[in-house]
Amino acid sequence: MKCTYDYIIVGAGISGCSVAYELSKHTKNILLVDKLSNIASGASGAAGAFLSPLLGKPNEFKSLVTNALRYTTQLYKKTFPNIIANCGTIRIPKDSNDALKFEQYIPYMDFAYQKDKDGFLFNIGSVVNSFGVCKMMTTSFSTKQSKINTQFNTNIKSVKYENGLWVLNGELEAKNLILTTGASLELLDEFYLSIRGVWGRRIDITTSTKLEHNYHKECSVSKSFKVDENSYQVSIGATHHRDLKTAQTKDDDNDELLKKALDIVELEDIKIKKEYVGCRACSSDYFPMVGKIIDSEKTLKDFPYLKNGTKVDKNRFTRYESLYMLNGVGGRGFVLAPYLAKMLVDNILNDTPIDDNITTDRLFIREVKKVKN
């Protein structure tokens, strides 16, 4: 007998957990599915989960990150106070040219800051427990929220829309399907959707050095958390590689991270406690992908001249019924995902518009021009 849910979310990283959390405020009968053995077992669990401002002159991506950082920091502090350390982040220029850029960015700072001897201290800077926040999003509920069902070690290999329901692996049924699958887009064969995977390594170390703030230069170093009378735990992340094999070269990557960390702060009595490797999912233009998904085959059948660059009102595009996506959050997943999940759920339930910069429409309109007649 098939199990039918109002919503099935495929992918239990920070994006999937954030969507499940937002839906649970409104809707019963949610299932969160993942091919791994627990939540945040992939890129999200490997993330340093640092929250800090994006510096630079005004642009649309910076505005997105700024709005998300304000929203998400308050959400974590209010709802999950035990998993966030709002300790401030010191941003340090990489070199003299970077220092000059920092000075040029001062008129465009979106958050309060203090000049530090090495750079700028932003009080909003924080670090969260990556696994902890995902766990709390899926298990901690107020009396108004609904239980989130979870199913792990479940590799979804087939998805079909039949008789008004999405059928997964011929066993699970959903009235609505939400894909938060990170680096994998195998379930949806759409030419305009693409992910650039960036593999990274993070290490947790113990040290006798106490750090009051997070630091960021060429890598990020977290505030220290006391382990015992003589040692503290510090997270250092992350490396950036285009392939898994390079990212798994432990000795080289660990040495690289430690070298970069020691260029930021002095750390004594270092011992590597644990290593994490994960693949950040980035879209081709760095903006995330949120909302309903265009059915390119049906849309091109109706409007073949889209391939010639002819403009068509996006509201006339054919979209898959009850199929949504939240993906491509990249290295700022713990900043962006909760904010985008709120936006997506408002769109699903109330038809609230989603910013054109982050819908999949922009990718379709761009890539369709490359399709050969």
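Helix α1 crosses helix α5 in a left-handed sense (the near helix is turned anticlockwise from the far one by less than a right angle). The model is predicted, so that local features need pLDDT of at least 70 and side-chain atom pairs pLDDT 80 or more, whereas totals for chains, interfaces and linings use all residues. Residues are numbered from 1 along each chain, and side-chain values use heavy atoms, without hydrogens and water.

**Exercise 1.** Determine how α1 is oriented towards α5, and list the residues through which the two helices meet.

*Solution.* Start with the geometry: α1 (residues 14-23) and α5 (residues 130-139), both DSSP runs of H or I with at least four residues, pack at about 25 degrees with their axes, fitted to C-alpha atoms, 8 Å apart. That angle makes α1 roughly parallel to α5 (under 35 degrees, on a scale from 0 to 180). Next, take the contact (heavy atoms within 4.5 Å): I14, C17, S18 and Y21 of α1 meet V133, C134, M137 and T138 of α5.

**Exercise 2.** Carry out the analysis for α3 and α9, beginning with the crossing angle.

*Solution.* The axes of α3 (residues 60-79) and α9 (residues 333-350) come within 8 Å and cross at roughly 85 degrees. It follows that α3 is roughly perpendicular to α9 (65 to 115 degrees). On the α3 side the contact includes L64, V65, N67, A68, L69 and Y71, while on the α9 side F334, V335, L336 and K342 are among the residues involved. The class count for the contact of α3 with α9 is 13 nonpolar, 2 polar and 1 charged.

**Exercise 3.** Find how many cavities of 30 Å³ or more the whole structure holds, and describe the lining of the largest.

*Solution.* A cavity is a set of points on a 1 Å grid where a 1.4 Å probe fits but cannot get out, and the search of the whole structure returns 1 cavity of 30 Å³ or more. By class, the lining of the largest cavity divides into 7 nonpolar, 1 polar (Gly counts here) and 2 charged (Asp, Glu, Lys and Arg count here) residues.

Note on methods
Angles under 35 degrees count as roughly parallel, over 145 as roughly antiparallel, 65 to 115 as roughly perpendicular and the rest as oblique. On a 1 Å grid over the protein atoms alone, a cavity is a set of points where a 1.4 Å probe fits but cannot get out, and a pocket is an open set with protein on both sides within 12 Å along at least five of seven lines; lining residues have an atom within 4 Å of a point. Grid points are joined across faces, edges and corners, and a volume is the space filled by probe spheres set on the points.
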